[in-house]
Amino acid sequence: MKQLVRRIAQTVALTLPVILVTTGTLAVTRVPWAPPTGLDQQVVAASSGDGAIGRSSSSPSTEGMAPQDALRVDLMEELRNHNPGTALDLLERTMREKPSLTPYCSQLAGELGRAAVKKYQGDVQRARSFARPVCDGSFAAGAVN
């Protein structure tokens, strides 16, 4: 009996690290910072129509603009056409997909907060009801200021 327990323990000790390494490696391939696979690019392109993040066919031309300025135009259009929640979703998604824009995240979220207050004719409570933890709460801070 003792020998059977020892043999099972040895088998587990040898196979468990292999299983853990394999599952860990597979899990890491699907994180936001991993380079997109061909399938991921197809999904993004299919979901956004022309492949541009958040841009609809009726959006103003953003050609020649800096990426953060083009994103600002898209966010404000999203806020105007829908609500601050969808604009914040777009901001969060863009930060995941384009990490080079993260230095502008707090500024953009704050501008969205101020624009939301204007959209709701100064109703800060209603504007803040859309707040999310995107960019360290800058949206909520922008709504208050």
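Is Leu16 buried, partly exposed or exposed? Leu16 is partly exposed, at 41% relative accessible area, where buried means under 20%, exposed over 50% and partly exposed in between (1.4 Å probe, protein chains only).

The model is predicted: local features need pLDDT of at least 70, side-chain atom pairs count only at pLDDT 80 or more, and totals for chains, interfaces and linings use all residues. Residues are numbered from 1 along each chain as its sequence is written, and side-chain values use heavy atoms, with hydrogens and water left out.

**View 1. A nonpolar surface patch includes Leu16.** Leu16 belongs to helix 1 (residues 2-28); helices are DSSP runs of H or I with at least four residues, numbered from the N terminus. Together with Met1, Leu4, Val5, Ile8 and Val12, Leu16 makes a patch of about 610 Å². Patches take residues with over 30% relative accessible area and no salt bridge, and nonpolar side chains (Val, Leu, Ile, Met, Phe, Trp, Tyr) are joined within 5 Å. Accessible areas come from the Shrake-Rupley method with a 1.4 Å probe.

**View 2. Helix 3 (residues 67-81) has buried residues.** The 15 residues of helix 3 reach 21 Å from first to last C-alpha, close to the 21 Å expected at 1.5 Å a residue; the expected span is 1.5 Å times one less than the number of residues. Among the buried residues are Ala70, Leu71, Leu75 and Leu79. Their cover includes helix 4 (84-97) and helix 5 (105-119).

**View 3. Salt bridges join Arg72 to Asp69 and to Glu111.** A salt bridge is a side-chain nitrogen of Lys or Arg within 4 Å of a carboxyl oxygen of Asp or Glu; the structure holds 3. Arg72 and Asp69 both lie in helix 3, 3 residues apart, and their closest N and O atoms are 2.6 Å apart. Asp69 is partly exposed at 30%. Glu111 also pairs with Arg72 at 2.6 Å, N to O. Because Glu111 lies in helix 5 and Arg72 in helix 3, this pair ties together parts 39 residues apart in sequence. Glu111 is buried, with a relative accessible area of 17%.

**View 4. Asp89 and Arg132 meet in a salt bridge.** The N to O distance is 3.4 Å. Asp89 is in helix 4 and Arg132 in the loop between helix 6 (124-128) and helix 7, 43 residues apart. Asp89 is partly exposed at 31%, and Arg132 is partly exposed at 30%.

Definitions and conventions: Patches are made of residues with over 30% relative accessible area and no salt bridge: like charges are joined within 9 Å, nonpolar side chains (Val, Leu, Ile, Met, Phe, Trp, Tyr) within 5 Å. Helices (H or I, at least four residues) and strands (E, at least two) are DSSP runs, numbered from the N terminus. Contact means heavy atoms within 4.5 Å.
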